[in-house]
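User: I would like to learn how to read a few features of a protein model. Please take me through them one at a time.

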Amino acid sequence: RPGPPNKSSRPGAVSASRRLFHGTQWEGSMGIVYDGFRLPTHPGMFGKGLYFADCPLKCWRYCFPTKQVSEQLPKLMGKGGFIFMCWVDLGETRKEKAASPELTGYNRKGWYAWLTGQRGAYDSVVGLTHEDGGALRVPEYIVYDTSQVQLAYLFEAEYRRRGTPPAE
C-alpha cells in the first residue's frame, strides 16, 4: 500500500507530505504513468510547476479541455477523466494571494541562497482561498521539483448528473 515518502528531498528538512490530487487528460495521464511527472513548458497561475488540490472535484476540470467535453466525452468514448492521488512533499511553503506566473521555485544551491542564508526559501507555493484573502475558491498546491511527488493511485472519474445511473 503506497504511503507518504519517508524522507524529504532536502537534507535536514522535515517532511510535510500531504495526500493531494492532480487531474489531467488521458494523454497526459499515460505520460505520467510511464515517465513520471514533468514540469510544464508554459506557466500557470503560479508559474511552471506541478499543480495539486486537496479536493478531487477541483481536479476534474483539468481532465478535459472544456466543461462541455467533460460532460459529453465519457458518454461517447466510454472514458472518464483521470485523477492521480499523490503524496506531495510540500516542505517550506510560500503563501500567495494572487497570480504570480513568474514563480519558478527557490534555487537552494544558487548564489542568492548563499548570500541571503536561504531567507525566504520555499519548496512549494499554496494559492490562498477567498477566506484567507486570496483569489481562489479552493486552495492549490504547487511544487517545482518532480522529486517532491510520489504517485499513489490513478482514478478514472466519470461525470454524472444527480439521479443518472452509471454508464455500462
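Analyst: Begin with exposure: a residue is called buried under 20% relative accessible area, exposed over 50%, and partly exposed in between. The model here is predicted. Phenylalanine 155 has 39% relative accessibility, so this residue counts as partly exposed.

User: How many helices and strands are there in the chain?

Analyst: The chain has 4 helices and 7 strands. Read from the N terminus, the order of elements is β-α-β-α-α-β-β-α-β-β-β.

User: What percentage of the residues in the chain is buried?

Analyst: Of the 168 residues in the chain, 39% are buried. The surface is reported as an area: the chain exposes about 10700 Å², and 54% of that comes from carbon and sulfur atoms.

User: What do the contacts in the chain say about sequence separation?

Analyst: Take the contacts between residues at least 6 apart in sequence; 73% of these join residues at least 24 apart.

User: Which residues form a nonpolar patch on the surface?

Analyst: The patch consists of Val33, Tyr34 and Leu154, and together these residues have about 320 Å² of accessible area. Leucine 154 belongs to strand E7, which covers residues 149-157. A patch residue must have over 30% relative accessible area. Leucine 154 is at 36% relative accessibility and therefore counts as partly exposed.

User: How is a pair of aromatic rings described?

Analyst: Two values are used, the distance of the centres and the angle of the planes. The count in this model is 3 aromatic pairs. One of them joins tyrosine 153 and phenylalanine 155, with 6.2 Å centre to centre and 35 degrees between the planes, and is tilted. The label tilted applies because planes under 30 degrees apart count as stacked and those over 60 as edge-to-face, with the rest tilted.

User: Is tyrosine 153 buried, partly exposed or exposed?

Analyst: Tyrosine 153 has a relative accessible area of 34%, so this residue is partly exposed.

User: Which residues form the aromatic cluster?

Analyst: Phe37, Phe52 and Phe84 make up one aromatic cluster.

User: Where is aspartate 89 found, and is this residue buried or exposed?

Analyst: Aspartate 89 lies in strand E3, residues 81-89. Its relative accessible area is 3%, so aspartate 89 is buried.

User: What lies 3.3 Å from a polar atom of the aspartate 89 side chain?

Analyst: The backbone nitrogen of glycine 91 is at that distance from the side-chain polar atom of aspartate 89.

Terms used: Residues numbered from 1 in each chain as written. Predicted model: local features only at pLDDT ≥ 70, side-chain atom pairs only at ≥ 80, totals over all residues. Heavy atoms only, no water. Helix = DSSP H or I, 4+ residues; strand = E, 2+ residues; numbered from the N terminus. Buried < 20%, exposed > 50% of the residue type's maximum accessible area, 1.4 Å probe, protein only. Contact = heavy atoms within 4.5 Å. Areas by Shrake-Rupley, 256 points an atom, 1.4 Å probe, with all protein chains shown as cover. Patch = residues over 30% accessible without salt bridge, like charges linked within 9 Å, V, L, I, M, F, W, Y side chains within 5 Å. Salt bridge = Lys/Arg side-chain N within 4 Å of Asp/Glu carboxyl O. Phe/Tyr/Trp six-rings, centres within 6.5 Å; stacked < 30°, edge-to-face > 60°. Polar contact = N/O pair within 3.5 Å; in protein donor to acceptor, adjacent residues only side chain to side chain.
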